[in-house]
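Visitor: Before we go through the terms, please show me the structure they are applied to.

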Amino acid sequence: MHTTDAAMKPVIGLTTYLEQAGTDGCGTVRAAFLPETYLKPIIAAGGMPILLPPQPVMAGMVELLVSRLDGLVVPGGWDVNPALYGQEAHPATDAPHPERDAWEQALIQEAIRQDVPLLCICRGEQLLNVTLGGSLHQHLPDVIGSGNYQPGGYTFNRIPVQIKPGSHLEQLIGTNPGPVPVSHHQAVDKLGEGLTAAAWSEDQVVEAIERPASTFALGIQWHPEELPEDFNLFRGFVEAARGKFLSRLVPATPPSSVSAEINANMAAPTLA
């Protein structure tokens with residue numbers, strides 16, 4: 001790969017877990033990590049992924065960080081703290097992870113403010129909705145009477161989805177993407193400010209949201225990273241990130257123009 005090719009790769013930040021993890025080299029340690037399945041489609045689409053582990057949010061830090069990113073991915077993980085949308089925890093809701101919630105909310109808000117392309121997956125989609133003032137169904141079996149969306153055992157079920165005609169999502173993956181992999185027991189309830197639903201399941205569970213006012217801001221409830229045979233969503237996201245990268249480049253003044261300006265100044269008559 002040529003240096004110029006690498007220089008044109010958009011930098012994609014991906015938020016991560018921060019948990020106890022078993023390793024061969026270090027034993028069981030607290031570690032920042034993210035499944036490789038999130039990285040592969042970013043790399044395949046031409047992006048350069050970097051990991052953004054949860055950390056304290058300090059004034060000015062998030063603004064500076066996001067200004068150096070061309071795209072942001074907020075992936076899956078533990079349930080969002082229901083206190084963030086004014087509810088008591090359901091017995092089936094995960095224990096809260098306030099540091100990760102606060103870190104990712106700050107990044108989402110700043111990415112929207114700076115119009116940095118934003119792709120939020122599963123938990124990320126739910127956090128995007130909550131960050132913009134929306135709420136969640138905490139346990140779908142209580143709402144639809146079925147556990148079809150989360151089979152358990154770290155496996156995925158496949159369900160058909162209906163894509164909203166004319167949506168940004170439709171432009172990326174079409175109206176009939178085929179069955180998509182799901183593993184979630186929560187879902188969007190009230191939509192956050194400025195968000196629209198872009199896909200639904202047969203049960204009318206919201207499976208995707210988007211923010212039309214942004215260049216690229218999508219929340220996907222299913223797991224597109226588990227669809228290596230079709231990564232048009234990631235390709236479109238990385239292309240939007242490349243557009244953000246290019247928009248930040250300031251054209252240099254051509255050397256000939258600089259020389260002409262200097263020569264003109266030197267030739268100008270001096271007033272007595």
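**Terms and the values behind them**

Guide: This is a predicted model. Y17 has a relative accessible area of 18% and is buried.

Visitor: Why is Y17 called buried?

Guide: Buried means under 20% relative accessible area. Y17 has 18%, so Y17 counts as buried.

Visitor: What makes F33 partly exposed?

Guide: The relative accessible area of F33 is 31%. Partly exposed covers the range between the 20% limit for buried and the 50% limit for exposed, so F33 belongs there.

Visitor: How many aromatic pairs does the structure hold?

Guide: There are 2 aromatic pairs in the structure. In one of them, Y17 and F33 have ring centres 5.0 Å apart and planes at 5 degrees.

Visitor: Why is the pair of Y17 and F33 called stacked?

Guide: Rings pair if their centres lie within 6.5 Å, and planes under 30 degrees apart count as stacked. With 5.0 Å and 5 degrees, Y17 and F33 meet both conditions, so the pair is stacked.

Visitor: Which parts does this pair tie together?

Guide: Y17 lies in strand 2 (residues 17-23) and F33 in strand 3 (residues 27-33), so the pair ties together parts that are 16 residues apart in sequence.

Visitor: How do you know that T131 counts as buried?

Guide: T131 has 14% relative accessibility. The limit for buried is under 20%, so T131 counts as buried. T131 lies in helix 5, which spans residues 123-131. Leaving aside residues up to four places away in sequence, T131 touches Q105, I108 and Q109.

Visitor: What share of the protein counts as buried?

Guide: The share is 45% of the 272 residues. The secondary structure comprises 9 helices and 14 strands. Among contacts between residues at least 6 apart in sequence, 70% join residues at least 24 apart.

Visitor: How many cavities of 30 Å³ or more does a search of the whole structure find?

Guide: The search finds 1. The largest cavity has a volume of about 110 Å³.

Visitor: What makes a space a cavity?

Guide: A cavity is a space where a 1.4 Å probe fits but cannot get out.

Visitor: How do the residues of the lining of the largest cavity divide?

Guide: They divide into 9 nonpolar, 1 polar and 1 charged. The lining includes W222, D230 and N232. Asp counts as charged, so D230 is the charged residue of this lining. Helix 8 (residues 232-247) gives the most to the lining, with 3 residues.

Technical notes
Residues numbered from 1 in each chain as written. Predicted model: local features only at pLDDT ≥ 70, side-chain atom pairs only at ≥ 80, totals over all residues. Heavy atoms only, no water. Helix = DSSP H or I, 4+ residues; strand = E, 2+ residues; numbered from the N terminus. Buried < 20%, exposed > 50% of the residue type's maximum accessible area, 1.4 Å probe, protein only. Contact = heavy atoms within 4.5 Å. 1 Å grid on protein atoms, 1.4 Å probe; cavity = no way out; pocket = protein on both sides within 12 Å on 5 of 7 lines; lining within 4 Å. Points joined across faces, edges and corners; volume = space filled by probe spheres on them. Phe/Tyr/Trp six-rings, centres within 6.5 Å; stacked < 30°, edge-to-face > 60°.
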